[in-house]
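Biologist: I've never looked at this one before. Can you take me through it and tell me how you know each thing?

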Amino acid sequence: RSARTEYGHCEEVVRRIALARFDVAFTLRHDRRTVFTLRACTTQAEREQRLAALCGSPFLENAVALDASASGMRLSGWVTRPTFSRAQADQQYFFVNGRAVRDRVVTHAVRQAYRDVLYGDRHPAYVLYFELDPTQVDVNVHPAKSEVRFRESRQVHDFLFHALHRALAELRPAPTPSATADRFEAQAAIVAADARPIVQHPLWT
């Protein structure tokens with residue numbers, strides 16, 4: 001492949017490692033110039049500075065931090081608002097116990113969480129860290145160690161989905177009092193005219 005393509009792969013490897021290890025300093029040089037220098041991070045502000053350096057300022061500006069735990073599992077990191085969706089899945093970083101992986105269970109859980117707020121062929125952007133008991137995940141299912149197999153995949157899927165769904169739900173603005181009143185008046189008019197009960201969408205309850 002071309003030198004430019006190979007360099008792109010190398011830069012992506014360094015980016016993934018730098019996102020996995022905020023406690024380590026990194027310097028990337030190419031063609032006798034410094035591409036970036038990252039200092040070791042000890043505070044949340046420093047981690048966010050590194051996030052902006054590696055994923056871009058727009059990512060950080062549209063990102064929301066999350067931290068959820070349940071049943072011995074923990075999900076933390078950043079997810080971006082649906083308005084920051086992308087045409088391709090090029091800003092999706094998921095780490096399992098510190099290892100960058102791509103997993104179908106994870107991908108499906110994320111897509112399901114964004115299902116009601118992301119349309120068409122758009123892709124969400126995120127940097128997420130998933131921690132669980134090492135005995136509950138098999139890391140030896142791919143030669144490059146880029147895939148894993150969860151022993152309780154359904155439990156993992158449900159935890160990830162609910163944690164992300166709650167984080168995204170908090171981003172939705174609450175309806176104004178007037179808007180709420182208008183909605184109830186409209187519903188009442190429909191009931192009076194149609195003489196049938198209204199079945200509300202679950203997200204409205």
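Biologist: What makes Asp103 a cap for the N-terminal end of H4?

Modeller: One of its side-chain oxygens lies 2.8 Å from the backbone nitrogen of Val105. A polar contact is a pair of N or O atoms within 3.5 Å, one able to donate a hydrogen and the other to accept it, and residues adjacent in sequence count only if both atoms are side-chain atoms. Mind you, this is a predicted model, where local features need pLDDT of at least 70, side-chain atom pairs need 80 or more, and totals for chains, interfaces and linings use all residues. Residues are numbered from 1 along each chain as its sequence is written, and side-chain values use heavy atoms, leaving out hydrogens and water.

Biologist: Which residues of H4 are buried?

Modeller: In H4, residues 104-113, they are Val106, Ala109, Val110 and Ala113. Down the helix axis they fall within an arc of 95 degrees (taken from the directions from the axis to the C-beta atoms), so they line one face. Their cover includes strands S5, S7 and S9 and helix H5.

Biologist: Why is Trp78 called buried?

Modeller: Buried means under 20% relative accessible area, exposed over 50%, partly exposed in between, with a 1.4 Å probe and protein chains only. Trp78 has 4%, so it counts as buried. You'll find Trp78 in strand S4, residues 73-80.

Biologist: Where is confidence lowest?

Modeller: In helix H6, residues 177-194, with a mean of 40, while S7 is highest at 97. That's pLDDT, the predictor's confidence in each residue, from 0 to 100.

Definitions and conventions
Helices (H or I, at least four residues) and strands (E, at least two) are DSSP runs, numbered from the N terminus. Contact means heavy atoms within 4.5 Å.
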